[in-house]
Amino acid sequence: MAKKIAVFASGNGSNFQVIAEQFPVAFVFADHRDAYVLERAKNLGVKSYAFELKEFDCKEDYEAAIIDLLSKHAIDLVVLAGYMKIVGPTLLSAYEGRIINIHPAYLPEFPGAHGIEDAWQAGVDQSGVTIHWVDSGVDTGQVIKQVRVPRLADDTIETFEARIHENEYQLYPQVLESLGVGRK
Ligand code: GRF
C-alpha cells in the first residue's frame, strides 16, 4: 500500500509545495501559526495543523500532540522540510526510522541551521544537498541520498542559495519515490 506522508515545516514551505504538487500529502504541520507554508497548503488544498511549543507546558506534551496527529492520520513517513526544531525523544521514540529531513549542505559538512551561509562563508567551491534519516543528533542521521552543488566563480550568495534550493526540489521527490511514496 502507498505510504502516507505528513510534511513538517516552520516557515516558507517551498519544499512542501514541490512535494505536494507531486505526491498526496495527508497534512502539513507548522510549528508557527503565521508560517507562510500554511498559506501554500490552503492554496493547494492540503490539510494543515499549526501549534507552537510555547503553548504547551513542555516539549514532551507538544510532541505528544504531534504524535496524536500522526496516528490519527496513520502516517507512515514524516517528511521534515524546513522544520526548524530538533526532534525530541518523545517523537523520536515513537517514529524513529520513519522521519526524514532535508539539509542544504553535503553532510557531514556544515550541519546546523545555517548550512548555506556557513558553506558560503567557508569559501567552498562546492556544497550540496542531503536527505537523511532523523536521529537524536543535529543533522547526524544516516544519509539516504546527497548531491553536490557547485559554487560558481560569479555566484552571489543569492545565486548560490537558489542553486541549492533547485537541487532540493529535484532530490526530495526522487527520494520519496525511492522510499515507496506513490506519486499523485
Ligand atoms: C531548506 O533549505 C531546507 O533544506 C532547510 O530549510 C529550508 C526550507 O526551505 N532545512 P522551505 O521552507 O522549504 O522553502
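## Chatting through a predicted model and its ligand

Reader: Before we dig in, what kind of model is this?
Author: This is a predicted model.

Reader: Okay. How many helices and strands are there in the protein?
Author: The protein has 6 helices and 7 strands. Going along the sequence, they come in the pattern β-α-β-α-β-α-β-α-β-α-β-β-α.

Reader: And why call it as compact as a globular protein of that length?
Author: Because its radius of gyration is 16 Å, close to the 16 Å that the globule rule gives for 184 residues. As for the spans along the principal axes, the C-alpha trace covers about 50 × 35 × 30 Å.

Reader: Let's switch to the ligand. Where does it sit?
Author: In the largest pocket. The residues around the ligand are N12, G13, S14, N15, G82, I102, H103, P104, H165 and E168.

Reader: Which helices and strands each supply at least two residues of that shell?
Author: Three elements do that: α1 (14-22), β5 (99-103) and α6 (157-178).

Reader: How does the shell divide into nonpolar, polar and charged?
Author: There are 2 nonpolar residues, 7 polar ones and 1 charged one in the shell around the ligand.

Reader: What about the backbone, say at G13? How far is a polar backbone atom there from an oxygen atom of the ligand?
Author: That distance is 2.7 Å. At I102, a backbone N or O atom lies 3.2 Å from a nitrogen atom of the ligand.

Reader: And how much of the ligand's accessible area does the protein cover?
Author: On its own the ligand has 370 Å² of accessible area, and the protein covers 85% of that.

Reader: What's going on with phi at F110?
Author: F110 has a positive phi, about 50°, although it is not a glycine. F110 is in the loop between β5 and α5, and that loop holds P108 too.

Reader: And D139, is its phi positive or negative?
Author: Positive, at about 60°, and D139 is not a glycine either.

Reader: Where does D139 lie?
Author: Look at the loop between β6 (126-133) and β7 (143-150); D139 lies there.

Definitions and conventions. Residues are numbered from 1 along each chain as its sequence is written. This is a predicted model: local features need pLDDT of at least 70, side-chain atom pairs count only at pLDDT 80 or more; totals for chains, interfaces and linings use all residues. Side-chain values use heavy atoms; hydrogens and water are left out. A residue is near a molecule or strand if one of its heavy atoms lies within 4 Å of it. A polar contact is a pair of N or O atoms within 3.5 Å; within protein, one must be able to donate a hydrogen and the other to accept it, and residues adjacent in sequence count only if both atoms are side-chain atoms. Accessible areas come from the Shrake-Rupley method with a 1.4 Å probe; for residues, only the protein chains shown count as cover. On a 1 Å grid over the protein atoms alone, a cavity is a set of points where a 1.4 Å probe fits but cannot get out, and a pocket is an open set with protein on both sides within 12 Å along at least five of seven lines; lining residues have an atom within 4 Å of a point. A molecule sits in a cavity or pocket if more than half of its atoms lie within 2 Å of its grid points. Helices (H or I, at least four residues) and strands (E, at least two) are DSSP runs, numbered from the N terminus. Ala, Val, Leu, Ile, Met, Phe, Trp, Tyr, Cys and Pro count as nonpolar, Asp, Glu, Lys and Arg as charged, and the others, Gly among them, as polar. The radius of gyration is taken over C-alpha atoms; the globule rule is 2.2 Å times the number of residues to the power 0.38.
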